[in-house]
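Hi,

Here's the model I promised to pass along.

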Amino acid sequence: MIIESHNRNVVISGLATTKMQVEVDAQTIKNLIANYSKPHESCIRELCVNAYEAHYLAGKADEPFHLHVPTKLEPWVSVQDFGIGMSENEIKELYSVIGKSSKRDTNDLAGAFGVGSKAAYAITNMFTSQSTY
């Protein structure tokens, strides 16, 4: 989704201004990613939206993606789409950079804030992303 951009300044003394900055540390990342009110549901929703959009981009919007929900014998979540895949570089950039999004140039896709692909961190300390590209 296209996000309107506005340059914001903060008034310091009524005479001077300074640009806003963000100090990024482990707590900042936790606040950005792990602050869902329903983390398990949110994580699955984010993964499913990304899978649907992968199909949409590949011209397969009517085809289902695969979702595995946890059971006692198979306690993991898995979402498999059949889109065009991502290169190793795309995976590294999108999954390791808070705020990095590939969806900012269109209103046809959800997201664009660069946190949805990292939603699994709301419920785990590590996850695996595999891609056939």
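Below is what turned up when I went through the salt bridges.

A bit of housekeeping: this is a predicted model, so local features need pLDDT of at least 70 and side-chain atom pairs count only at pLDDT 80 or more, while totals for chains, interfaces and linings use all residues. Residues are numbered from 1 along each chain as its sequence is written, and side-chain values use heavy atoms, with hydrogens and water left out.

Searching the whole structure gives 3 salt bridges (a side-chain nitrogen of Lys or Arg within 4 Å of a carboxyl oxygen of Asp or Glu).

Start with Lys103 and Glu53, whose side chains pair at 2.4 Å, N to O. Lys103 sits in the segment after helix H3 (88–96) and Glu53 in helix H2 (residues 39–57), so this contact ties together parts 50 residues apart in sequence. (Helices are DSSP runs of H or I, at least four residues, numbered from the N terminus.) Both Lys103 and Glu53 are buried; for the cut-offs, buried is under 20% relative accessible area, exposed over 50%, and partly exposed in between, with a 1.4 Å probe and protein chains only.

Next, Lys92 bridges to Glu88, with 3.2 Å between the closest N and O atoms. Both lie in helix H3, 4 residues apart, or about one turn of the helix. Glu88 is exposed, at 57% relative accessible area.

Then there's Lys100 with Glu93, at 3.6 Å from N to O. Lys100 is partly exposed at 35%, and Glu93 is also partly exposed, at 33%.

Cheers

Definitions and conventions. Helices (H or I, at least four residues) and strands (E, at least two) are DSSP runs, numbered from the N terminus.
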